[in-house]
Amino acid sequence: MATSISATGFKGGLSSSFHGSWGTSMAGEVVALPSINVRVARPLRSGPMMKNVNEGKGLFAPIVVVTRNIIGKKRFNQLRGKAIALHSQVITEFCKSIGADPKQRQGLIRLAKKNGERLGFLA
């Protein structure tokens, strides 16, 4: 263990090249202890999960869950995707008929998604 302390007076300032920490021995005198570097593993982070906060809640949630269990998750998600696409097309056609701009159309689609979550269609 190499420890050196140097002082150059008041004009040059006080500098130290000491690396480590101070401790006391059993006899009470001050001794220099070597510094110890400890590596700590980073905690594992799970990836972002898209999850419905209203899962299992809503008026239609029990029907949706039973249907998904009967026909299977893969087939159910295919049907759900088709239903969502058809509903988006209906909203798009409605927006065209009333002359709404794309920003308003997107807002209506987001509103439909929120309502579907509250009602339990996305359970």
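# Exercises on helices α3 and α4

The crossing of α3 and α4 is right-handed, where a crossing counts as right-handed if the near helix is turned clockwise from the far one by less than a right angle, and left-handed if anticlockwise. The model is predicted, so local features need pLDDT of at least 70 and side-chain atom pairs pLDDT 80 or more, while totals for chains, interfaces and linings use all residues. Residues are numbered from 1 along each chain as its sequence is written, and side-chain values use heavy atoms, without hydrogens and water.

**Exercise 1.** Describe how α3 and α4 pack.

Step 1. Locate the helices: α3 covers residues 73-98 and α4 residues 102-119. Helices here are DSSP runs of H or I with at least four residues, numbered from the N terminus.

Step 2. Two packed helices are described by the angle between their axes and the distance between the axes. For α3 and α4 the angle is about 145° and the axes are 10 Å apart. Axes are lines fitted to C-alpha atoms over the stretch in contact, and angles run from 0 to 180 degrees between N-to-C directions.

Step 3. List the contacts (heavy atoms within 4.5 Å). From α3 come H87, S88, I91, T92, F94 and C95; from α4 come R105, L108, I109 and A112.

Step 4. Sort these residues: 6 are nonpolar, 3 polar and 1 charged.

**Exercise 2.** Find the buried residues of α3 and what covers them.

Step 1. Apply the cut-offs for relative accessible area: buried is under 20%, exposed over 50%, and partly exposed in between (1.4 Å probe, protein chains only).

Step 2. In α3 the buried residues are F76, R80, I91, T92 and C95.

Step 3. Their cover includes α2 (61-71) and α4.

**Exercise 3.** Find the salt bridges and place each one in its helix.

Step 1. Search for a side-chain nitrogen of Lys or Arg within 4 Å of a carboxyl oxygen of Asp or Glu. The whole structure has 2 salt bridges.

Step 2. One joins E93 and K96 at 3.9 Å, N to O. These residues lie about one helical turn apart, because they are 3 residues apart in α3. E93 is partly exposed at 49% relative accessibility, and K96 is exposed at 60%.

Step 3. Another joins K113 and E117 at 3.2 Å, N to O. They are 4 residues apart in α4, so about one helical turn separates them. E117 is buried, with 18% relative accessibility.

Conventions: Helix = DSSP H or I, 4+ residues; strand = E, 2+ residues; numbered from the N terminus. Nonpolar A, V, L, I, M, F, W, Y, C, P; charged D, E, K, R; others polar.
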